[in-house]
Every structure is written in structure tokens, then in C-alpha cells.
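Reader: I am new to this structure. Please show me how to read its surface.

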Amino acid sequence: MLLSQAANGLGETPAGLAKEVSSVLLLVGLVVVVLLGLGAIAMVLMMGGRLRRQVRDNLPPADPPPDPMWPLQVPPEDEENREDQ
């Protein structure tokens, strides 16, 4: 009844007014879903950064500094390092 009175005042049919209202509600719903998704992504990123800092701060310091050439070293148990060949 309220919808038909509003339609009469605007000069539109109730079906046309209902279609416009549903399209506006669809648009509002879509905006809400997008904003909630962006908020969830931001929250996960902030929590991940906080967790990474907590884990990094709780690690004991490395006594000997790591060798910068370690990727180039060949493990001593490899066949190419054996003397009995």
C-alpha cells in the first residue's frame, strides 16, 4: 500500500518502482560485500605482520654469523668429495 502511494505520487507503476528499489538494494549489498572483503583482507595482513614480528623478536640471536657463501658449498658426503674414487 505504501509502495503504491509512493508510485502514484511519482507517476510510476508499482512494478517499476519495485524494480528500482531492488536494483538499489542489490547495489548496496554488493558494496557492503566488497567493503567487508577488503576489511577482512586488511585484518589478515595486519595480524600476519604482528605474528611475524612476534616470532622474529622471540628468536635467539645467531651466535656465529651465517656464512654468506653457504649455497655454493658442496656437502662433504657427496660422491665428488670422496677420496677413494
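Author: Start with the nonpolar patch. This is a predicted model. Leu-27, Leu-30, Val-31, Val-34, Leu-35, Leu-38, Ile-41 and Leu-45 make up a nonpolar surface patch. Together they have about 810 Å² of accessible area.

Reader: Take Leu-38. Where does Leu-38 lie?

Author: Leu-38 is part of helix H2, which covers residues 14-58.

Reader: Does Leu-38 count as buried or exposed?

Author: Look at the cut-off. A residue is exposed when its relative accessible area is over 50%. Leu-38 has 51% relative accessibility, so Leu-38 counts as exposed.

Reader: Which residues form the positive surface patch?

Author: Lys and Arg count as positive. Here, Arg-50, Arg-52, Arg-53 and Arg-56 form the patch. One of them, Arg-50, sits in helix H2. Arg-50 counts as exposed because its relative accessibility is 55%.

Reader: Now the whole chain. How many helices and strands does the protein chain have?

Author: The secondary structure comes to 2 helices and 0 strands.

Reader: What share of the residues is buried?

Author: Buried means under 20% relative accessible area. In this protein chain of 85 residues, 4% are buried.

Definitions and conventions. Residues are numbered from 1 along each chain as its sequence is written. This is a predicted model: local features need pLDDT of at least 70, side-chain atom pairs count only at pLDDT 80 or more; totals for chains, interfaces and linings use all residues. Side-chain values use heavy atoms; hydrogens and water are left out. Patches are made of residues with over 30% relative accessible area and no salt bridge: like charges are joined within 9 Å, nonpolar side chains (Val, Leu, Ile, Met, Phe, Trp, Tyr) within 5 Å. Accessible areas come from the Shrake-Rupley method with a 1.4 Å probe; for residues, only the protein chains shown count as cover. A salt bridge is a side-chain nitrogen of Lys or Arg within 4 Å of a carboxyl oxygen of Asp or Glu. Helices (H or I, at least four residues) and strands (E, at least two) are DSSP runs, numbered from the N terminus. Buried means under 20% relative accessible area, exposed over 50%, partly exposed in between (1.4 Å probe, protein chains only). The place of a charge is taken as NZ of Lys, CZ of Arg, CG of Asp or CD of Glu.
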